[in-house]
Amino acid sequence: DLVEKDPDRRYKMLVFARTGSPRGVLSIFFSKDGLHWGECAAISGPLGDRSTAFFNPFRNVWVYSIRDYDPKTIGRFRRYAENADILEGAKWNKGEPPFWIGADSLDPPRKDLNTPCELYNLDVVAYESLCVGLFSIWRGQPKDRAKPNEICVGFSRDGFHWQRPTHDAFIPVSEHYGDWNWGNVQSAGGCFLVVGDKLYFYVSGRSGVAGSAASGASSTGLATLRRDGFASMDASDAEATLTTRPVRFSGKNLFVNANSSKGEL
């Protein structure tokens, strides 16, 4: 935490502890060096497993991505809690945090399952001038395969309201048995790292067990993307032009990501 004033709380760790199935709490720990940790500083309100948290630097608040479940309507979804103080933000009772987001009607069911999709997890990180969200989408539970969760991507200007230009899988499961990611791919908590001119996405994957819903061997995978490479408009060999809609901004600098070596901007 680069804005934390207390050096003993520079590093923060949240650990899920199960109090029931699948419910539990997050235990909050602090450290000055990321190696030596103090005793548990606080325990969050009740939440489902796979709940996470992130810092929103545009609003200067800690946000809890709280998993909940409604079997009669949306299934797995997210509740939202925010506070500038990570400890104060963790104080809620069951059902108090407001509804945030879930899967929607544009998330395509798998043809072999035809199960309405649910939002299994949402990890968020600030990147450039927006928030990037990695949506782990649950597409059903086969009887003979680990649940084929896949990672989709969304973008937000405030960390609460989301735009999802595509609902296709950004980091999918493999459809080939024997691959490390045949079943259940999910994002790691930090979403991605900026490494030179690339983005590094560390993800978990499960190999599954044929004929069973078991997860099998679990592994960590690394996917890479060129920096700012979430979307692009590419010209062919023929001459063409691209005109954007008017852009207004209040900052001191405007950055344009363009390779115009054979043309002009």
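Buried means a relative accessible area under 20%, exposed means over 50%, and partly exposed is anything in between. Keep that handy while you work through this predicted model.

**Exercise 1.** Work out which class Arg23 and Asp68 each belong to, then find what links them.

*Solution.* Start with Arg23: its relative accessible area is 26%, so Arg23 is partly exposed. Next comes Asp68, which has 15% relative accessibility and therefore counts as buried. Now look at the two side chains together: Asp68 and Arg23 form a salt bridge, with 3.5 Å between the closest N and O atoms.

**Exercise 2.** Are Arg139 and Glu150 buried or exposed, and which parts does their salt bridge tie together?

*Solution.* First, the bridge itself: the closest N and O atoms of Arg139 and Glu150 are 2.8 Å apart. Then find their places: Arg139 lies in the loop between strand 10 (130–138) and strand 11 (150–156), while Glu150 is in strand 11, so the pair joins parts 11 residues apart in sequence. As for accessibility, both Arg139 and Glu150 are buried. Elsewhere, salt bridges with shared partners join Arg110, Asp112, Arg145 and Glu175 into one network.

**Exercise 3.** Zoom out and describe the charges and the overall build of the protein chain.

*Solution.* Count the charges: there are 32 positive and 31 negative side chains, and the centres of the two sets lie 3 Å apart. The whole structure has 16 salt bridges. Now the secondary structure: the protein chain has 15 strands and zero helices. For overall size, a compact globule of 265 residues would have a radius of gyration near 18 Å; the protein chain has 20 Å, which agrees. Its C-alpha atoms fill a box of roughly 60 × 55 × 35 Å along the principal axes. To finish, check the burial: 40% of the 265 residues are buried.

Notes: Residues numbered from 1 in each chain as written. Predicted model: local features only at pLDDT ≥ 70, side-chain atom pairs only at ≥ 80, totals over all residues. Heavy atoms only, no water. Helix = DSSP H or I, 4+ residues; strand = E, 2+ residues; numbered from the N terminus. Rg over C-alpha atoms; globule rule 2.2 N^0.38 Å. Buried < 20%, exposed > 50% of the residue type's maximum accessible area, 1.4 Å probe, protein only. Lys, Arg positive; Asp, Glu negative; His and termini not counted. Charge placed at Lys NZ, Arg CZ, Asp CG, Glu CD. Salt bridge = Lys/Arg side-chain N within 4 Å of Asp/Glu carboxyl O.
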